[in-house]
Amino acid sequence: MSNKLLIILMGVLVILTLGMGGGLYLMWNKLSAISIQSNANAGVQPVQGGIVEKPLGLIYALETFIVNLADKGGNRYLRVTMDLELGNSALEDELENRLPQVRDSILMILPSKRYEDICTVEGKIALRDEILATLNGFLTQGKITNIYFKEFVIQ
């Protein structure tokens, strides 16, 4: 009877070890894909001998936005903090003068989104692109080159 129990325990241990190994393999692949995508979004460009990073422009920090999402029932909200990367220093003064218009434009976009629209990486990239296009549409002193989310919480 104890030999049977020992064989069963060994089998369970082998299956558990294989399951953990498979899970770690899948997690490693997923993290690698996320790392590759984040490098692509950050403007990192591979070159023959290594990686050369594109230098950051001037960063303009915006205050936190908290909005209800457009889901039925209004049970979810979004809290997002972002930084704007400016194409030139003259744009900083324009942003200071147009801050109410910038905040209003962002506040018109964010509450129109549903959880399903922004819960994936692709959804967040689409949201970033929409905000970028909207803000660059009325700026005259230059362009915002990128938007960086510092905080993105959906509850």
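This is a predicted model: local features need pLDDT of at least 70, side-chain atom pairs count only at pLDDT 80 or more; totals for chains, interfaces and linings use all residues.

What does the accessible surface of the chain come to, and how much belongs to carbon and sulfur atoms? I got about 10,500 Å², with 61% belonging to carbon and sulfur atoms (Shrake-Rupley method, 1.4 Å probe).

Residues are numbered from 1 along each chain as its sequence is written, and side-chain values use heavy atoms, leaving out hydrogens and water.

Next I looked up the layout. I found five helices and six strands (DSSP runs: H or I of at least four residues, E of at least two, numbered from the N terminus). The order along the sequence is α-β-β-β-β-β-α-α-α-α-β.

Then I checked burial (buried is under 20% relative accessible area, exposed over 50%, partly exposed in between, with a 1.4 Å probe and protein chains only). Of the 155 residues, 26% are buried.

I picked helix H2 (residues 90-97), where Leu91, Glu94 and Leu95 are buried. They sit on the same side of H2, because their arc around the axis is only 100° (taken from the directions from the helix axis to the C-beta atoms). Asp93 and Asn97 are exposed on the face turned away from that buried side.

What do the buried residues of H2 pack against? I listed strands S3 (58-61), S5 (77-86) and S6 (144-154), plus helices H3 (99-109) and H5 (121-138) (contact means heavy atoms within 4.5 Å).
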